[in-house]
Amino acid sequence: MELTTLLGIIVGIAAVVGAMIFKGISFTVLINPAAFCVIIVGTVATILNSYPGKNLKSIGSLFKILVTKPKGIGEVEIYKLMVELSITARREGLLALEKKVEDIDDPFIVKGINMITLGLAGDVIEEILETEIDAMEKRHEVNASIFSSAGTYAPTLGVLGAVFGLIAAMAHIDDTDLMAEAIAAAFIATVLGIFTGYVLWHPFAKKLKVKSQEEAILKNMAMIGLLSIQKGDSPAIIKERLLAVLPPQKQKKIIEEIEAE
């Protein structure tokens, strides 16, 4: 479970609720179907108008990514696996890597090993793996942009909702009490638009981008290891090349975990 996403939503709601309490605003003002309609339904409409259906089919899985931690292989596992594969390759030859494929649950690494055992040149393997990483990043960029677009449109729709509310308030211009109540309700759409745009949608897009960058780093790390194995580099060289991909803190963490075993 990705607790930071859930915690962020809870803290965001708490901030709004706390502000209303401190200002003495009644929670009944939030019961505004018109505001929810123009913001929620309007945001959905803007996304439908912005993206083809094939891109929107993945929205459900994107929400799942936001609230769950990645299940794929991590830095430590890649580090250990590449070192193990390099030892096997140097002792038994590159073809011996075929028997390792069944125990690896990562399609990217499996593809790389298969290309190595097929005898493809290193530059060809690198080109194919880099193309796959680049294609993944572009897909993820489109997915994140769905939430970015929602975050851009929602606040503007909030202004539109406020205008509708002010128009309705003018109908009560002869009754100041009703007009004041209508004006207050009009700005609920603005609050809702800003909240969803800048507390939910834009941050969701940012988190997807960060997760995409992390996945790209892992794939690049695996690619560096596979190419080094194909070249016949020693395990010591491969270790250093793998660590060089990571920031100092993660390098230290991996070294400590390896030494602790």
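**Exercises on helix packing and cores**

The buried residues of helix 1 pack against helix 4 (59-67) and helix 9. The model is predicted.

**Exercise 1.** Determine which residues of helix 1 are buried, and check the span of this helix.

*Solution.* Step 1: the buried residues in helix 1 are Thr5, Gly12, Gly18 and Met20. Step 2: helix 1 covers residues 3-22, and its 20 residues, at 1.5 Å a residue, should span 28 Å. Step 3: the end C-alpha atoms are 28 Å apart, which agrees with that expectation. Step 4: after helix 1 comes Gly24, with a positive phi near 70°.

**Exercise 2.** Decide whether Asn55 is buried or exposed, and identify the residues it touches.

*Solution.* Step 1: Asn55 belongs to helix 3 (residues 53-56). Step 2: its relative accessibility is 19%, and buried means under 20%; Asn55 therefore counts as buried. Step 3: when residues up to four places away in sequence are not counted, Asn55 touches Val142, Asn143 and Ile146.

**Exercise 3.** Describe the largest nonpolar core and the surroundings of Met82.

*Solution.* Step 1: the largest nonpolar core has 34 residues, and Met82, Ile109 and Ile113 have the most contacts inside it. Step 2: at least two residues of this core come from each of helix 5 (75-92), helix 6 (107-117), helix 7 (122-170), helix 9 (188-231) and helix 10 (235-244). Step 3: apart from neighbours within four places in sequence, Met82 is in contact with Ile109, Ala222, Gly225, Leu226, Ile229, Ile238 and Leu242. Step 4: a second core, separate and of 16 residues, includes Ile47, Leu62, Leu66 and Leu208.

Note on methods. Residues are numbered from 1 along each chain as its sequence is written. This is a predicted model: local features need pLDDT of at least 70, side-chain atom pairs count only at pLDDT 80 or more; totals for chains, interfaces and linings use all residues. Side-chain values use heavy atoms; hydrogens and water are left out. A nonpolar core is a set of buried Ala, Val, Leu, Ile, Met, Phe, Trp, Tyr and Cys residues joined through side-chain atoms within 4.5 Å. Buried means under 20% relative accessible area, exposed over 50%, partly exposed in between (1.4 Å probe, protein chains only). Helices (H or I, at least four residues) and strands (E, at least two) are DSSP runs, numbered from the N terminus. Contact means heavy atoms within 4.5 Å. The expected span of a helix is 1.5 Å times one less than its number of residues.
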